[in-house]
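Work through the exercises below with the sequence and the model at hand. Each task is followed by a stepwise solution.

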Amino acid sequence: MVNEGVEYYSSWTISVKKKRTCPTCLGYASNKPKENCNHPRHLMEYKQIIQRGRNYKKSYRHTINRRKRVETRKRKKMIIELLGGKCVRCGITDLRVLQINHLHHVGRTKRPHESGSDFYLRILDGRRDTSDLDIRCANCNILYEYERSFREELIQIAQ
Ligand SMILES: [Zn+2]
Ligand SMILES: [Zn+2]
């Protein structure tokens, strides 16, 4: 750092837009210093402002993603309640393990729109029929898939 502190720093002006202006290149601190600008404060401020912007975007994205996940979870909860609120096989009511089960097992790859928050929304809007869906917990869902031979019974083969 240049040690001419006071002189250097006092020369900074605040523009009408309340932006700090570099006395060397006459650019705003938020703009990249021009090539002929060797003002250490300008470069420092510019870097800080850019970093602040990045941090803001990062934390904001986090907030949006979280909000989306919460919304999706709420929709899922409503649908589970709509479809009986418990596993049709073992009766567990713990939302953390309950899943919406396709009776005819149509994989996500075949119907990519049959997952996530839009799928839930279509059910809640009444645009998606629920007669081929029921609620099962994760364990019962896997057992159901074995029983219906959607999954290969590898355990039997091994024995
Ligand atoms: Zn400058
Ligand atoms: Zn169950």
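**Exercise 1.** Locate leucine 26 and decide whether leucine 26 is buried or exposed.

Solution. Step 1: leucine 26 sits in the loop that joins strand 2 (20-21) to helix 2 (40-82); helices (H or I, at least four residues) and strands (E, at least two) are DSSP runs, numbered from the N terminus. The model is predicted: local features need pLDDT of at least 70, side-chain atom pairs count only at pLDDT 80 or more, and totals for chains, interfaces and linings use all residues. Residues are numbered from 1 along each chain as written, and chains are lettered from A and ligands numbered from 1 in the order in which they are written.
Step 2: a residue is buried with 20 or more other C-beta atoms (placed from the backbone) within 10 Å of its own, exposed with 12 or fewer, and partly exposed in between.
Step 3: leucine 26 has 10 other C-beta atoms within 10 Å, so leucine 26 is exposed.
Step 4: the phi of leucine 26 is positive, about 65°, although this residue is not a glycine. Most residues other than glycine have a negative phi.

**Exercise 2.** State how many of the 43 residues of helix 2 are buried, and name them.

Solution. Step 1: the number buried is four, so helix 2 lies largely in the open.
Step 2: these are Arg41, His42, Tyr46 and Ile79.
Step 3: just after helix 2 comes glycine 84, with a positive phi of about 115°.

**Exercise 3.** Find the buried residues of helix 3 and where they lie around its axis.

Solution. Step 1: in helix 3 (residues 116-124), Phe119, Tyr120 and Ile123 are buried.
Step 2: their arc (of the directions from the helix axis to the C-beta atoms) is within 100°, so they line one face of helix 3.
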